[in-house]
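Please read these notes on charged side chains alongside the model. Comments follow as numbered points.

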Amino acid sequence: MGVIAGCRFDTDRLEVLPWHDGLRGDALADFVAALLTPKVVAGLPPGWQGSFDVDRAHRWVDERDGESTVLLAADRSAGAPIGLLIVAADDDRSERHLRIGYLIDEAQWGRGFATELVGGFVRWCRERGSVRSLSGGVETVNRGSARVLVKHGFGVIEDPGAGEVTYRLEILPDTDVLI
């Protein structure tokens, strides 16, 4: 179920495109299996925990395809994939309000790729003109991911005190609200 269509963008170091355009079949499953290490999936849903072989990675890819649009981020200088950006409809099943999550290869942590990936997507959404807001949940202990969102203007909208904090960025004003 693609939530957004035609999303492709480049940043200084990244090429971002639909994951099936960047990798296919077993190559995509191999990348997913290598990406989803215990540290990368810590704090994510229970179904994302544990080790991934190629068969489990294929099922995981099929599940994501059924609920979201997934973009592959590749390091342009190395020509290799380094992460994923997962985009799903937030509430109304349209592209007006999107929920994002991202996964960066553990070997690439600390190099600014998450900041660059989220910033590139925010720019793409602003240029598109139909996305009203972006939101994302971050486990409270994941300070790095929280900093990435805050750098791009996301603010806390829900903080249950423990567990996950939800951040939101208003891209365009919601024209459906009457004043």
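Which residues are linked in a network of salt bridges?

1. Glu-63, Arg-64 and Glu-67 form that network. A salt bridge here is a side-chain nitrogen of Lys or Arg within 4 Å of a carboxyl oxygen of Asp or Glu. The structure holds 7 salt bridges.

2. Basis of the values. This is a predicted model, in which local features need pLDDT of at least 70, side-chain atom pairs count only at pLDDT 80 or more, and totals for chains, interfaces and linings use all residues. Residues are numbered from 1 along each chain as its sequence is written, and side-chain values use heavy atoms, with hydrogens and water left out.

3. Arg-64 takes part in two of the contacts described here. With Glu-67, the closest N and O atoms are 2.8 Å apart. With Glu-63, the corresponding distance is 3.6 Å. Glu-67 and Arg-64 lie 3 residues apart in helix H4 (residues 54-67), so about one helical turn separates them. Helices (H or I, at least four residues) and strands (E, at least two) are DSSP runs, numbered from the N terminus.

4. Arg-64 counts as buried, at 5% relative accessibility. Glu-63 is partly exposed at 43%, and Glu-67 is partly exposed at 37%. Buried means under 20% relative accessible area, exposed over 50%, and partly exposed in between (1.4 Å probe, protein chains only).

5. Asp-21 and Arg-8 make another salt bridge, with closest N and O atoms 2.4 Å apart. This pair links distant parts of the chain, 13 residues apart. Asp-21 sits in helix H1 (residues 19-22), while Arg-8 is in the segment before strand E1 (9-10). Asp-21 is partly exposed, at 39% relative accessible area. Arg-8 is also partly exposed, at 46%.

6. Negative patch. Asp-26, Asp-30, Asp-53 and Asp-55 gather on the surface as a patch of negative charge. Patch members have over 30% relative accessible area and no salt bridge, with like charges joined within 9 Å. Areas come from the Shrake-Rupley method with a 1.4 Å probe, and for residues only the protein chains shown count as cover. Asp and Glu count as negative; the place of the charge is CG of Asp or CD of Glu.

7. Asp-53, one of the patch residues, is found in the loop between helix H3 (38-41) and H4. Its relative accessible area is 45%, hence partly exposed.

Methods:
Patches are made of residues with over 30% relative accessible area and no salt bridge: like charges are joined within 9 Å, nonpolar side chains (Val, Leu, Ile, Met, Phe, Trp, Tyr) within 5 Å.
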